[in-house]
Amino acid sequence: MGDGPRTPRRARLAQILRFALVGGVNTGTFFGCYLLLHPWMPYFAAYSLAFLLSMIGSFFLNTYFTYRTRPTWKKFALFPLTNVTNYLVQSVGLYALVTWAGMDDRIAPLVAAVVAIPFTYLISQRILVPRNTGTDPGAPGPGTETDERQPSRLA
């Protein structure tokens with residue numbers, strides 16, 4: 001008995017953990033940028049610029065580190081959909097938790113954020129990981145060394 005059948009599970013778990021780590025780094029980057037920019041510009045401008053900078057950083061961290069794939073302009077253009085998805089799921093979750101479930105509105109945003117993680121993960125994976133379009137089931141798939149060694153079309 002070996003690790004054969006469990007290897008894909010471990011690889012998926014490792015990818016999910018890398019995704020969570022990138023999320024933490026992204027949150028810290030956003031907040032740090034916001035705090036640095038806020039003294040120099042109005043709060044909403046600082047918020048918007050910090051959000052944009054952290055989203056760009058998140059794109060590169062997720063392509064290179066989480067999914068181990070190469071960035072492209074197409075992926076870069078589609079990547080904001082992950083943030084829209086996150087916002088929508090969190091917003092609906094927040095409303096449902098506070099209005100229908102009666103949860104404290106100070107805790108509900110954190111619960112809604114946790115609920116949004118799987119949705120954001122699936123959307124970002126769909127956007128950033130190339131699909132194996134060949135018919136050979138043994139062909140290298142997303143995130144393999146073959147994909148990782150491809151030259152970047154963006155960076």
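From the N terminus on, the elements of the protein chain run α-α-α-α-α-α. The model is predicted, so local features need pLDDT of at least 70 and side-chain atom pairs count only at pLDDT 80 or more, while totals for chains, interfaces and linings use all residues. Residues are numbered from 1 along each chain as its sequence is written, and side-chain values use heavy atoms, with hydrogens and water left out.

## Exercise 1: the chain as a whole

Task: State how many helices and strands the protein chain has, and what share of its residues is buried.

Solution. 
- Step 1. Helices (H or I, at least four residues) and strands (E, at least two) are DSSP runs, numbered from the N terminus. The protein chain has six helices and zero strands.
- Step 2. Buried means under 20% relative accessible area, exposed means over 50%, and partly exposed lies in between (1.4 Å probe, protein chains only). Of the 155 residues in the protein chain, 26% are buried.
- Step 3. Contact means heavy atoms within 4.5 Å. Among contacts with a separation of 6 or more in the protein chain, 63% come from residues 24 or more positions apart.

## Exercise 2: two helix pairs

Task: Describe how H1 packs with H2, and how H4 packs with H5.

Solution. 
- Step 1. Axes are lines fitted to C-alpha atoms, for helices over the stretch in contact, and angles run from 0 to 180 degrees between N-to-C directions. Helix H1 (residues 7-37) and helix H2 (residues 43-66) have axes 8 Å apart and an angle of about 155°. For helix H4 (residues 80-100) and helix H5 (residues 108-128), the axes are 8 Å apart and the angle is about 150°.
- Step 2. Angles under 35 degrees count as roughly parallel, over 145 as roughly antiparallel, 65 to 115 as roughly perpendicular and the rest as oblique. H1 and H2 are therefore roughly antiparallel, and H4 and H5 are therefore roughly antiparallel.
- Step 3. A crossing is left-handed if the near helix is turned anticlockwise from the far one by less than a right angle, and right-handed if clockwise. The crossing of H1 and H2 is right-handed. The crossing of H4 and H5 is right-handed.
- Step 4. The H4 side of the contact with H5 includes Val 89, Gly 93 and Leu 97, and the H5 side includes Ala 112, Phe 119 and Ile 123.
- Step 5. Ala, Val, Leu, Ile, Met, Phe, Trp, Tyr, Cys and Pro count as nonpolar, Asp, Glu, Lys and Arg as charged, and the others, Gly among them, as polar. The contact of H4 with H5 has 15 nonpolar, seven polar and no charged residues. In the contact of H1 with H2 there are 18 nonpolar, seven polar and one charged residues.

## Exercise 3: the buried side of H2

Task: Name buried residues of H2 and what covers them, then follow Val 22 to its contacts.

Solution. 
- Step 1. Buried residues in H2 include Ala 46, Ala 50, Ser 54, Ser 58, Phe 59 and Asn 62.
- Step 2. The cover over the buried residues of H2 includes H1, helix H3 (73-78), H4 and H5.
- Step 3. Val 22 is found in helix H1, and Val 22 is buried, with a relative accessible area of 2%.
- Step 4. Leaving aside neighbours within four places in sequence, Val 22 is in contact with Ser 58, Leu 61, Asn 62, Phe 65 and Thr 66.
- Step 5. Val 22 and Asn 62 are 40 residues apart in sequence, yet 6.9 Å apart in space, C-alpha to C-alpha.

## Exercise 4: aromatic pairs

Task: Classify the pair of Tyr 47 and Phe 51 and the pair of Phe 59 and Phe 60.

Solution. 
- Step 1. Rings of Phe, Tyr and Trp (its six-membered ring) pair if their centres lie within 6.5 Å; planes under 30 degrees apart count as stacked, over 60 as edge-to-face and the rest as tilted. The structure holds 12 aromatic pairs.
- Step 2. Tyr 47 and Phe 51 are 6.2 Å apart, centre to centre, with 25° between the planes, and the pair is stacked.
- Step 3. Both Tyr 47 and Phe 51 lie in helix H2, four residues apart, about one turn of the helix. Tyr 47 is partly exposed at 37% relative accessibility, and Phe 51 is partly exposed at 34%.
- Step 4. The ring centres of Phe 59 and Phe 60 are 5.1 Å apart and the planes are at 75°, so this pair is edge-to-face.
- Step 5. Phe 59 is buried, with a relative accessible area of 0%, whereas Phe 60 is partly exposed at 24% relative accessibility.
- Step 6. Phe 59, Phe 60, Tyr 64, Trp 73, Phe 76 and Phe 79 form one aromatic cluster.
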